[in-house]
Amino acid sequence: MRTARRLDGRRVLRFASGLDVPLANLAAAGFLLVLVLMIMAYALGVGATALGIGDALRAVVGAGIGDGQAFALWQVRLPHILLGFMAGWCVALSGAMLQSLSQNPLADPGLLGLSQGAMVALMVLLVFFPGLPHGLAPFVALAGGLGVAALILFLVGWDQADGLAILLMGIALETTLSAVASLLLLYTPPETSYALSNWLAGSLFGASWSVIAGFAPWFALSLPVILLVGRSLKSFDLGDETALALGENVRRSRPAILVAAVLLTSASVTAVGPLIFLGVIAPHIADAISRSTGRTRLVLSALVGGLLVVAGDTLTRANTSDVALPTGLAITIIGVPLFIATLRLRALRTVQ
Amino acid sequence: MLAATDLTVSYGKTPVLSGLSAAFVPGRLTALVGPNGCGKSTLLKTLLGLMRADTGSVTLDGTPIDRIGRRALARRIAYLPQETHCPDYMTVGELVELGGHSRYALMGGPDARDRNLFRSALETVGLTDQAHRRVSRLSGGQRQRAWIAMVLTQDSDILLMDEPVNHLDMPYQYTVLDLVRSLTRGHGKTVVCVLHDLNLAAAFADEMVMLREGRTIAAGPTSDTITPETVRDVFSFEADIFRRHDRLVCLPHRDDAGSPAP
Amino acid sequence: MRGRGLVVLVAAVALSAAFLANLSLGASSIPAGKIVAALTQFDDTDYDHVVVAYQRLPPALIAIFVGAVMACGGCVLQGLTRNPLAAPSVLGVTAGATLFVVAGASVFGIGEAWQGLAAIGGGLFGFASTLVVARMAGLSRDPRGLALILSGAVVSMLYASIATALLLASPSRRSDFLGWVTGNINHVYAERLFDFWWIGAAGLILLMLLSRSLTLIALGPEKAASSGVNVRLVSPLALAAVVVSSSAAVAICGPIGFVGLVVPHIVRPFAGDAMTVALPANALLGASVVLAADIVARSAFAPYVVHTGVIMDLVGGLVFALIVKRFYLSSGPRRFA
């Protein structure tokens, strides 16, 4: 392991296997990681119960606190923070993968309707088959997300070069599916409909250790996905034919990557509901911090995604003491201006 | 040797290649020529397995290419598409390093030999001092040379190129084709090149495969293959074929109305 | 031209049928004869008459108002922007109006009378935001207007989210507006209809007066200018009329989107390009469509009652997808006019 220079002069950390990572990317990852930890620590001290950062941090490492405070810390704040990070990580990762896959820098699992497909499938499960075991939920969500992905591919095709038209198609499906979800909401029992309507808007409202335990395997799955997919994505950027000619079996890897992206989205929809715009803005923020490709871009995007959700959730908890503002709403409100900035950058680039 | 036998390929119901056979002589520059829509690009894509043949087969040293995995095939045959697509963030260096994609292990990257290859490829195309620049900022000729460098680092014996000089200005067309020809002479590569300009093909190619409506009309060494008769058969016009400065020139006749005689 | 006139007639018949059906269907079915009687010779001792007049007539009138205003708005916007996806709800008008009404009520505590003004301000603001974002996103190099629609969509999402967030953050206002914010045709909004109907009516009259010029502009601004139309005056005036009248509709019953997108596409094959025919046809058919959607919302999911806005979103989203497919994703180039 040593530092070296790439062909184009970028300084990299090079491993014995020949693998190298630009130093700037490593620095960015370190910076994001520190930021995430700092926000997490800050978030531990935010909420309705009086429990400051200092006491919260001491309690995490073993100091004693009151029962009410312990409940707020262990059953509310910590699950919120961890689940938020995991969900944001997965959605942002999915967005970065979809963008490379479709060569469309504006692709987003929420805007393309994939999240809403997963959501509607879950609602159908809840309303019509309430007896089925909860462990099935991520698979049902996956089926819904894949259904929408198949529909878009059927309507649009892989080879459609027009990213904006695909996005509009996705927005159309997203609107329809959201309406379907509000119809299904009518048929849910009244005692769950408040929690469900929160979940429909994308919310950490239901965060608990059991939700985290259900989500953990899918979150863990993201690591091998990054390793396997990141390598392929580099060649995808050069177009299908070139990728095939370079030895990337696009016909096999593309459906596999799509399934992986939908899976990550569906798992996070199961846990926290849809988070729209996160998948499109996180990779662009990562690019703004440090330009990267392949695996590094996936990791940086995922870190930014986790960071944004934890930050958004903390903000809403800090400002609305009596009501829980759904995190998805906060993400949309932060996300749209950033998305517009992305549109602007895209427009500026196409001028040259 | 790369060879196609009795290939039939179609887009939906439209047949593009119908029973085409061709073999490509190792170490030589072979040009595929023919009128628009005769199946030149389709042939090239089928040779690499980018399109599937309905019947017939493409073999590499006797092995059908669909029995060779994509990664193994990428080490034997490289391909330069007609329309290249490069994201605007990518530098020349990054593009060239992607040429070794098929050789890198899952957790690996280019080794010392690969890195030497990158440098010599950039040297061959004359872009050594441009590796830090973005591909999107290069001139048309430089960009095409960057792509050729990428294809070279794939380190395959066979190169397939689809209209490598299509969008280039005349001087660039000659530089790039000189470069392509030097790959056969200096590096021992087999090059198959789609060229729609018959005069460019005549000037640079060692071998010629002339296509029309998905069939081979004539094939062989350039000087034997381009004749007034084959040109008539392939392009449906009368032309004088003569030598000037030791190069074959094809000059179409014109009828009284000023357009090429049918 | 006689064939074109027929369209208006058919739409008028559709409206009458939808109107009667809307009044007739409900918890108890009331026969058509009795409805006519309730409307012409009202008898306050007859229970059914009271139900029709106080419970069913106000929402039906709201539906007619919203449908007419939104459909005409969509028709004019599609003509002026020459974009098949344009509509008040697509271009940020309804979301802007929604945001201003909610913000006005929950943050500044303004009363109902001022909410109409807030809606109009919001509609103009939403439309302006969409134009600004579209320009930033590169509208000038976007001949098919995709950036305009995308900008409208994200601006709408933003304003709708902010409106929802404001409502959630102010529990006292939440119950008043939670129904309204998803587009709810309900007799409790009758008062709002009486307050704001004239704004929409004025907008529609203005559009009708401008209809000849608008026809020419939709066919091509240069051509229109050469045949003596003052494009620089007519276009902004018509846009303002559309934005103001559809904002008034939002002020009454919340955002009922996509009527403006869907109806002009149904009318166009029959009414053609002439706005003089297309506008009345759109108004009549738009009103019928919202009346029908309201029937579906009230009865299709019994015992539950759905908000009409949800039904229109459901239908509208599908039609939106079809339009994208037809105009933007089919292989051959397709001209929209």
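View 1. Leu160(B) stands opposite Val192(B) of E8(B). This is a predicted model, in which local features need pLDDT of at least 70 and side-chain atom pairs count only at pLDDT 80 or more, while totals for chains, interfaces and linings use all residues. Residues are numbered from 1 along each chain as its sequence is written, and chains are lettered from A and ligands numbered from 1 in the order in which they are written. Strand E8 (residues 190–194) of chain B pairs with E7(B) in the parallel sense over five bridges; strands pair if DSSP finds at least two bridges between them. Helices (H or I, at least four residues) and strands (E, at least two) are DSSP runs, numbered from the N terminus. E6(B) is also paired with E7(B), in the parallel sense over four bridges, and Leu80(B) stands opposite Met161(B) in E7(B).

**View 2. Burial of strand E7 of chain B.** Five of the five residues of E7 (residues 158–162) of chain B are buried, so the strand is largely enclosed by the rest of the structure. A residue is buried if 20 or more other C-beta atoms, placed from the backbone, lie within 10 Å of its own. In a regular strand the side chains alternate between the two faces of the sheet. Both faces of E7(B) are covered, with Ile158(B), Leu160(B) and Asp162(B) buried on one side and Leu159(B) and Met161(B) buried on the other.

**View 3. The contact of chain B with chain A.** Here 33 residues of chain B are in contact with 24 residues of chain A, two residues being in contact if their C-beta atoms, placed from the backbone, lie within 7 Å. On the side of chain B that touches chain A, two or more residues each come from helix H2 (70–76), strand E6 (77–80) and helix H3 (92–98) of chain B. H3(B) gives the most to this side, with six residues. The residues of this side of chain B divide into 19 nonpolar, eight polar and six charged; Ala, Val, Leu, Ile, Met, Phe, Trp, Tyr, Cys and Pro count as nonpolar, Asp, Glu, Lys and Arg as charged, and the others, Gly among them, as polar.

**View 4. The contact of chain A with chain C.** Chain A contributes 33 residues and chain C contributes 35 residues. Helices H5 (137–156), H6 (163–186) and H13 (327–351) of chain A each supply at least two residues of the side of chain A that touches chain C. H6(A) gives the most to that side, with 15 residues. By class, the side of chain A that touches chain C has 23 nonpolar, seven polar and three charged residues.

**View 5. Packing of helices H3 and H8 of chain C.** Helix H3 (residues 47–81) and helix H8 (residues 190–219) of chain C pack at an angle of about 25 degrees, with their axes 10 Å apart. Axes are lines fitted to C-alpha atoms, for helices over the stretch in contact, and angles run from 0 to 180 degrees between N-to-C directions. That angle makes H3(C) roughly parallel to H8(C); angles under 35 degrees count as roughly parallel, over 145 as roughly antiparallel, 65 to 115 as roughly perpendicular and the rest as oblique. The contact includes Phe65(C) and Cys72(C) of H3(C) and Trp197(C) and Gly200(C) of H8(C). By class, the contact of H3(C) with H8(C) has 17 nonpolar, three polar and no charged residues.

Technical notes. Buried ≥ 20, exposed ≤ 12 C-beta atoms within 10 Å, placed from the backbone.
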